[in-house]
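These notebook entries record what I looked up in the fold of one chain.

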Amino acid sequence: MNRDHRLSKLLHLVIKEWRLLLRNPHGLAALFLMPSAFVLVMSFTLKNTLIVRLPLPATGWVLEDKSPIAAQWSREWLARPDMKRFLSREELKAALKARQVDAGIIVHAGWLGDDGRPRAEELEIWLGNRVQPAAAARLRAELSFSMLQVQMKIAAAEAGPFASVLLSSASSSELLPERGAPTIRYLYEIESGRTMTAVQQSVPAWLIFGMFFVVIPIAGVLIQERNDRTLTRLTTFGVTPGLVLAGKLIAFMLLNWVQLAFMLLVGRVLVPLLGGDALNLNIALGWFLLMVAATSAAAVGLGLLIAARTRSFEHAAALGGGINVILAAIAGVMVPRMLMPPTLQTVSENSPMGWALDGMQSVFLGDPDAAFILPRAALLLAFAAVCLLLSWRPIRHQEPA
Amino acid sequence: MSENTCVLTAEQLVYRYPKQIESALNCVSLRLERGQAVGLLGPNGSGKSTLINLLNGLRAPQGGHISYDTGHPPIVAWVPQEYAFYPDLSCRENLRFFAGMLDATAHDATRRVESALSACLLHEFAERRARHCSGGVRRRLNLGIALLQQPDVLLLDEPTVGVDPQSRRFLLDRVRDLMRAGTAVLYATHYMEEVSAMCSQVLLLDHGRVLASGALETLLRGEGDVPFANLEALFTHHTQRGLRD
């Protein structure tokens, strides 16, 4: 077989894979719609978790302590926007259920102790089911600061008129001012000079997840080819297993690039169209291409391995889908790694999708360097090589191992 | 080249699968001649598929050898029992794809596709996905793909399973056409009447050994005074009536 014939055969094999793929609506949905839907959902879901200072939730107040200090303290709070007074716990509960407020504060009778100091344990916070933990944490922090302020005022009043004058005009908003709060910056923001947005994190994460889902169309075709003995027939046409494998590698790695273009469009056009942040595409092209190629090789390699070592499409789809979801969960695709415990973070950093995610996010956040990207790309390529090696024998012998 | 020239000779073929004690084939010999069909018979597991795999080069014999009297290896095409093509491609796309796997020019490949479409009466279904075709059309496509190779030897493995009598007749007529054009045919089947109608020679295998081999007429005459009533009687005589599966 001369070189021209070999290239021509390879082209026919690639075109065949693409034809079959375009006629597989379920495979296309798994490859394009699913990751796009995840990008949309997660870009909006995670939008607030990456903002350091969230607005306070709309809060209802029930004042059971009848002391003048409690009345004065709650008046200051009720003067803020989105704060509302309720007469009883039942009223507050009904308002929470009706979503008129998102949170509730119950100031128990006995909030002001016998020593004349406010007691935190006599304060109760109720939360509606939709309040984000970060917003709840801010409410609790502000209440604590505010109570500290009350304590200081009382202490100042006891200390004498001069100290009392100093603190008399202070309000809780001045203790936790909206402006002038300390700036908090993550390392990647310091290095790249960019702010991390949810879409900047979601697009590479779900792109990787979608790329690894090539296992579905790969398995669909390869298992059918093997079970119908089409692969055997190809052998009698002089087509080597290596050529079949090369055809699949090229076809599905090309497909990964189409997925990439589609996901970039989603992040760049669709997410901002729906009110989210736009994906910043000011990225280092060389590192970007390397990471996509390495991730694609790993994804197609794993897909071929699963397809080669399973007996039916159902088996491959269940195994491939399950492995992908587990790898994605470990890598931090589904839940940002910053929310994981330290041990799991270490595991996450040393998993295939973790290497892809770290490398790709470093590119998307604009701070890639060779020392960070190259080892991860090399690990992904090594992973791809191992997968191909393990899938070679069953493909060569045209039977599942 | 004259009629009845031997195209392929297999002598004393031996093959044993890994981790198996018994040989799948044990000293099996066979001659395939131009324009002739040899009926390959045997119960399930008798070694028919192994023999076909050795003849089409999918496996290498561990004993014996295969030779070609024509001086160069003949083109061997195989029609498997399974529908070995892509159900989500149309009939024409399947033929184009397999033609693309041949070492042929684009022009020649197109010509072969059109020729296969015509020979197997597939023009009407050319643009229909194979998945949506009837069993008969799929069998014709299965044969058409083998015809793309323009074979000297055609190995048919139960090519008429699951088709109606009209499609069966059509397939058998096409095989006869090929024989008339000089193709040597090995016809493996469980349908005795097809062998009787198509084949002048018979090879009967069981447990990897040759139970009977030679001209059909000679074999039917039998060794004793009473000839066999038909091929099925001959088959049952040699392989017994017990179930094999």
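I looked up B:Gln201 and found that its bridge partner in β9(B) is B:Ala215. The model is predicted: local features need pLDDT of at least 70 and side-chain atom pairs pLDDT 80 or more, while totals for chains, interfaces and linings use all residues. Residues are numbered from 1 along each chain as its sequence is written, and chains are lettered from A and ligands numbered from 1 in the order in which they are written.

I then took the strand pair as a whole. Strand β8 (residues 201-206) of chain B runs antiparallel to β9(B), and 6 bridges join them. I count strands as DSSP runs of E of at least two residues and helices as runs of H or I of at least four, numbered from the N terminus; two strands pair if DSSP finds at least two bridges between them.

Next I traced the sheet. It is open, with 6 strands in the order β5-β6-β7-β3-β8-β9 (chain B) and mixed pairing. β5 (76-79) and β9 (209-215) of chain B each have a single partner strand, so one side of each lacks a neighbour in the sheet.

I also checked what lies across the strands. Helix α5 (residues 165-180) of chain B lies across β3, β6 and β7 of chain B, at about 150° to β7(B). Contact requires C-beta atoms, placed from the backbone, within 7 Å; angles run from 0 to 180 degrees between N-to-C directions of axes fitted to C-alpha atoms, for helices over the stretch in contact.

Last, I noted that chain B has 8 helices and 9 strands. Its C-alpha trace spans about 55 × 45 × 40 Å along the principal axes.

Definitions and conventions:
Two residues are in contact if their C-beta atoms, placed from the backbone, lie within 7 Å.
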